[in-house]
Amino acid sequence: MDARKTHCRNDLLKIENPKYLHYVKKYLCDAVNEDACEDLTTGLVLQNKMRGFAIITAQSYGIMAGQEEVDFLLSQHGLVAEWYAKDRETVTQSTPLLKLHGDFSVILKVERSILNFLGRMMGIATLTNQCVEQVPSSV
């Protein structure tokens with residue numbers, strides 16, 4: 001039996017799954033709301049509806065994860081992502097992961113939550129991949 005298939009839960013960890021969507025909404029919305037309360041500078045510095053982009057890059061080697069969830073969050077805030085890395089791809093330090101397009105104040109509102117979420121998802125994916133690589137495929 002292939003260890004990679006035995007513990008694969010890709011079918012459950014999709015936005016289409018109502019239970020998973022509930023937890024994604026709660027986690028991401030709570031994170032954005034918590035961070036937004038602390039940000040007074042953005043409203044003072046940026047003009048209303050100033051549009052632009054931001055590029056998020058990998059800080060270290062890892063396995064890309066979290067694209068569907070980040071796309072969901074961005075759709076809730078009127079932002080769009082141009083993805084350079086796809087889920088399950090290996091990335092190295094300084095690899096561009098995605099480019100966010102939209103209102104600068106909104107980008108700043110969600111970017112910290114996106115960075116934290118991607119870091120967590122990619123960390124789990126990378127560690128899981130390292131564990132699976134240690135298990136012989138015949139187990």
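Helices (H or I, at least four residues) and strands (E, at least two) are DSSP runs, numbered from the N terminus. Welcome to the tour of this predicted model, where local features need pLDDT of at least 70, side-chain atom pairs count only at pLDDT 80 or more, and totals for chains, interfaces and linings use all residues. Residues are numbered from 1 along each chain as its sequence is written, and side-chain values use heavy atoms, with hydrogens and water left out.

**Stop 1: the whole protein.** Colour by secondary structure and look for 5 helices and 5 strands. Starting at the N terminus, their order is α-α-α-β-β-α-β-β-β-α. Now show the surface: its accessible area is about 9,100 Å², with 55% belonging to carbon and sulfur atoms (Shrake-Rupley method, 1.4 Å probe; for residues, only the protein chains shown count as cover). Of the 139 residues, 32% are buried, meaning under 20% relative accessible area (1.4 Å probe, protein chains only).

**Stop 2: helix H4.** Select residues 67–76, which form helix H4. Which residues of H4 are buried? They are Gln 67, Glu 69, Val 70, Phe 72, Leu 73 and Leu 74. Just after H4, click on Gly 78, which has a positive phi of about 75°.

**Stop 3: Gln 67.** Go back to helix H4 and pick out Gln 67. Gln 67 counts as buried because its relative accessible area is 14%. What does Gln 67 touch, leaving aside residues up to four places away in sequence? Select Trp 83, Ala 85, Lys 86 and Asp 87 to see these neighbours; a contact means heavy atoms within 4.5 Å.

Note on methods. Buried < 20%, exposed > 50% of the residue type's maximum accessible area, 1.4 Å probe, protein only.
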